Structures are given as structure tokens and as C-alpha cells.
Amino acid sequence: MCSCSSSNMAGLRRVGRSSGWMCAAFLTLAAGLSSRTDAGDVLTVTDANWTLILQGEWMIKFYAPWCPACQHLQTDWESLGRQSESLGISVGRVDVTQQPGLSGRFLVTTLPTIFHAKDGDFRKYVSARTIEDIQAYVEQKKWAIVEPVPGWKSPSSLLMSGMANLFRLSVWIRQIHTYLTNTLGIPSWGSYVIFAIVTLFMGLMLGLMLVLIADCIWPSRPKHREDKAVVIVKEEVSEEEVEDILMEEKRASDLDNESERMSGDESSEEEAAPESSVRKRKPQNTAEGT
């Protein structure tokens, strides 16, 4: 009797434990499903899927977990996500601490920041952040009277793509600096020196690459080609032509010499003329004196 009762008690304990585990698993699954449903209403936008907002109508919120105003807006934003189907829009959110590239692509400078997107046209939402105002903004199409973001500032433009890469680079540099100072124990000034050396090296390499590319596209013309062309022209002239050229040069020099001689003779005659006049006048003076 004792052995039977002890075995029954052990079986009951096992059944109780198994049922407890089943209840815990069921509750966990239910909580997971409810959280997935709530999370599914608001899409988390990242660098990998942000092109989804280029199609259709969207309301996107940029936030940070540490921002008090963002936390205050969280409840209304989740309720907006639950009403997205009836409003005919999609609702998204971007964590700027996890997606610095998107914050640079949209030039987010304040938190929270809300954008309205309609088929690739983006407008910054500047009205009140209550659920009623946001619903009226979508239902009454108040966004139509707001000027969209210019083309050069559009998130899909080349300039904003470069800005996104710049923001990613800044976060990457900050992470490396933290690793060097905290993990490796390098002082801050040592980290700055390393970054300065790497920057100079990269600048030199980039300048060398640009020079090589420019030289390949627009090669410089060597000067010795012109000299060769002159030599070739001179070699092609025959000996007779060379003699003719020399004779012409000699004739020209002779003509110059003759002209110089003629000018010299004229000058000498002019100098001699006054002397003869003086000589002729002297006898007249003597005759008058007598």
C-alpha cells in the first residue's frame, strides 16, 4: 500500500510539473504573438528595407530610446499603427541609434521627427504630435498644402546617399576610438594620432589615384615630338633648295651692305659740303678787309 501511494504521488507531481511547463509555454507564446501583432502594425525601417517607403503613403517616425518626447509619443504612434489599415497608409519607425545612415539620409536634427511620404515625395510633419492631429493630417490630406522636400535633399538623391555614408563613417570612427581607448587602453591623444596618420595616408593614396586617372584620360604631350618634326622637315629639303636658300640669304646680305655703303657716302658728302662753303667764303672776307 505504501509503495502504491508513493508511486501515485510521484506521478501526480510529474503531471503537475508538465502542466506547469505547458502553461508557461502557452503564456509565452501568447505574449509573443501579441507583441508580434503590435510590432507588425508599425514597421521597423532600416538601411536594408528603407526603399519600401518610396512606394505608397507612409508616416515615418525617427526616434531614440533615450528621448523623453519620443517615449511620450510611443503610445499614440502604436495606436496609429493599429489604425493604418483603415487610414490606407503604412506606419514606420526608425531608431537613429541603430540606423545612423537613415538619420543622415533624412537630415534628422531633432527628435522625434516625423515624415510623410507619398510615392517618393517626402514632407516634414510640423503639426501637433497627438493622434487626432496626425489622423486629420492623413484623412483630410493636409499634407497636400505642404511643399515637398526639394529634389537635391530627397532621401533617394545622390547627395543624401553620400550624407548617409558620411554618418555611417562617423559612427564607425567613434566605435574604433572607443575600442582603442577602452579595450586596448590607448590614451585619447594616441588614438587621435593614429587617426591623423591614417587620414594623411589615405589622402596621399587618393591624390595619387586621381593623378593616375587624369593622366590616363588626358595624357600630356611630350615636347621632343615637335623637335623630331622639325628635324624631319629639314631632312626632307633637297641640297639644291638649300643652295638656293643660301644664295638668297647672301644676296640679301649684299643688298644690305650696299645700302649701308650708299648711306655712308651720302653722309660723307654732306659733311664735306659745309667745309667747301667755308673755304669759299674766306677769300671774300679778306677782300673786304683790304
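Predicted model: local features only at pLDDT ≥ 70, side-chain atom pairs only at ≥ 80, totals over all residues.

Colleague: OK, secondary structure. How many helices and strands are there?
Modeller: The chain has nine helices and five strands. Reading from the N terminus, the order is α-β-β-α-α-β-α-β-β-α-α-α-α-α.

Colleague: What share of the contacts with a separation of 6 or more comes from residues 24 or more positions apart?
Modeller: Those account for 68% of them.

Colleague: Let's go inside. Which residues have the most contacts in the largest nonpolar core?
Modeller: Ile53, Ile60, Phe62, Leu102 and Phe106, in a core of 18 residues. Strand 2 (57–63) and strand 4 (113–118) each put in at least two residues, and strand 2 gives the most, with four.

Colleague: What does Ile60 touch, leaving aside neighbours within four places in sequence?
Modeller: Ile60 is in contact with Ile53, Trp77, Gly92, Val94, Thr113, Ile114, Phe115 and Ala117. There's also another core apart from the largest one, with 15 residues, including Leu87, Val91, Ile114 and Tyr125.

Colleague: Switching to charges. How many salt bridges does a search of the whole structure find?
Modeller: Two. In one of them, the side chains of Arg168 and Asp47 meet at 3.6 Å, N to O.

Colleague: Where do Arg168 and Asp47 sit in the chain?
Modeller: Arg168 is in helix 6 (residues 158–183), while Asp47 is in the loop between strand 1 (42–44) and strand 2, so the pair links distant parts of the chain, 121 residues apart.

Colleague: Are those two buried, exposed or partly exposed?
Modeller: Arg168 counts as partly exposed, at 30% relative accessibility. Asp47 is also partly exposed, at 27%.

Colleague: And which residue does Lys118 pair with?
Modeller: Lys118 forms a salt bridge with Glu57, and their closest N and O atoms are 4.0 Å apart. Because Lys118 lies in strand 4 and Glu57 in strand 2, that pair ties together parts that are 61 residues apart in sequence.

Colleague: What about the accessibility of Glu57, buried or exposed?
Modeller: Glu57 counts as buried, because its relative accessibility is 14% and the cut-off for buried is under 20%.

How values were computed. Residues numbered from 1 in each chain as written. Heavy atoms only, no water. Contact = heavy atoms within 4.5 Å. Core = buried A, V, L, I, M, F, W, Y, C linked by side-chain atoms within 4.5 Å. Buried < 20%, exposed > 50% of the residue type's maximum accessible area, 1.4 Å probe, protein only.
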